[in-house]
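Dear colleague,

Here is the structure I said I would pass on. My notes on it follow below.

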Amino acid sequence: MTWGSVVPTATAARAVAVAREVAARLATPDSLPPATHRPTRLRDGASGAVGCALLLGQFTGHDWESAAHRCLGAAVGDIAQAGFGFPGLFDGLAGVAFATATLSRDGARYRHLLADVDRLVIRNAIARADAVTHAPRGLPFEAFDIISGLAGIGAYLLRRREIAEAKQALRAVLTALVAVCRWDAGVPNWYTPPSRIAPGTPMAESFPGGVLNCGLAHGVPGPLALLALAELDGVSVAGQRASITTVAHWLAAQRVDDEYGPNWPKGVALPRGTAVGAPAARNAWCYGGPGVARALWLAGKAIADAELRALAVDAMAAAWLRLASVPDPDTSPGLCHGIAGLLQITARFTQDTGDARFARATVALTDLLLDLYDPGYPFGFRFCGEDPQDRPGLLDGAAGPALALLAAGTDVPPAWDRMLLLA
């Protein structure tokens, strides 16, 4: 994989300096809350240990490696405290495994730990995949999404596919997601009924009859991205290409255009027309055009569909115009629904297409993210909302923007964004 920074030299130097400063703050022992204060069910940005380990692992030297080791130990401790009951990429074991593999330097270190977490991930993935394969309808989002479900677990297994057992587990996951992507009696299997949506949440209130989730983080674009990436990496199961085609064209048909171009809703209601005050789509990785565009781009590459790739390019161009024209006063710097996520996706499109519009947007988004850095905050970036918080983690914490700045400011391929299923 080739990668090259497109931002001006001075901007690149500042981006790397800010990333290093954030990493230095996260390297201190008190950057993570005590284990007794961390939640039992992990959500990256709550404990933050996985994100910190991934960021610190980008730097070389004894002090950095010691700090990364400490963060990895905290991540292992968190998941052990939770009883290894959460297998997901952003709330459990697969995320710890991803950080371990990253810090292992291609298996040269942490061999025993990596073997142990691989064994647990593989065993859990096969069991969950088999369950979904045999009952792929009416599932909650977390059964198949990136955050907690099979798409995220598959992202890790795809990284480890050179191991025979991991490849076998990956094939089981892909088979399960193919089943999720089928239609039965005119309704897609990825439909989530109201009984499987967490009560009291905005999604439950907006879609009282159930929903076909259109967000990359929690909806069918996540499985689509994994199926496409596996296809591109030469791992395919029966029905995989047909599923990529089916889901990609279904998503293309759900586009909702505004004055800037294509975008996507958070979800499609079933029965049609039953949505109640459905929340507007974000302009982010988790929901909205940027995340969907990336999934469609990967699908278009996997099945050689130029129209899908063209739609993805149009949607990303629209995403930048939307942000530039209607700035959000509460803009988050984070990967999940903030500037860092939009920057990382835009940078990927810049590398893939060579389109000058995306190169300019990458520069502008890097500048915007740098403007959100404040050395007065404990970790340099603060996360907006009714109760602004200082968080260390990957999706909703300072490690995410720092990693995006490193990707923008260096020529080092950002292998960490496999966690986001961007490449």
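**Cavities, pocket, core and backbone**

The second largest cavity holds about 40 Å³ of space. Please keep in mind that this is a predicted model. The count of cavities of 30 Å³ or more comes to two. Lining the second largest cavity are Trp3, Gly4, Ser5, Val6, Ala347, Gln351, Thr362, Ala407 and Ala408. Helix H14 (339-353) and H16 each contribute at least two residues to that lining. By class, the lining of this cavity comprises five nonpolar and four polar residues, with no charged ones.

The second largest pocket has a volume of about 770 Å³. Its lining is made up of 28 residues, and Thr102, Arg159, Pro413, Ala415 and Trp416 are the ones nearest its centre. At least two lining residues come from each of helix H4 (93-103) and helix H16 (399-409). Sorted by class, the lining of this pocket has 12 nonpolar, six polar and 10 charged residues.

In soluble globular proteins, nonpolar side chains tend to be buried together. Leaving aside residues up to four places away in sequence, Trp285 is in contact with Ile146, Ile147, Leu216, Ala217, Gly291, Leu335, Cys336, Ile345, Leu395, Leu420 and Leu422.

Most residues other than glycine have a negative phi, and most peptide bonds are trans. Against that background:

- The peptide bond between Leu270 and Pro271 is cis, with omega about -5°. Pro271 sits in the loop between strand S4 (267-269) and helix H12 (289-302).
- Ala185, which is not a glycine, has a positive phi of about 55°. This residue belongs to the loop between strand S1 (183-184) and strand S2 (187-188).
- Leu421 also has a positive phi, near 55°, and is likewise a residue other than glycine. Leu421 is placed in the segment after H16.

Are Ala185 and Leu421 buried or exposed? Ala185 has a relative accessible area of 74% and is therefore exposed, the cut-off being over 50%. Leu421 has a relative accessibility of 1%, so this residue counts as buried, for which the value must be under 20%.

Regards

Key. Residues numbered from 1 in each chain as written. Predicted model: local features only at pLDDT ≥ 70, side-chain atom pairs only at ≥ 80, totals over all residues. Heavy atoms only, no water. 1 Å grid on protein atoms, 1.4 Å probe; cavity = no way out; pocket = protein on both sides within 12 Å on 5 of 7 lines; lining within 4 Å. Points joined across faces, edges and corners; volume = space filled by probe spheres on them. Helix = DSSP H or I, 4+ residues; strand = E, 2+ residues; numbered from the N terminus. Nonpolar A, V, L, I, M, F, W, Y, C, P; charged D, E, K, R; others polar. Contact = heavy atoms within 4.5 Å. Buried < 20%, exposed > 50% of the residue type's maximum accessible area, 1.4 Å probe, protein only.
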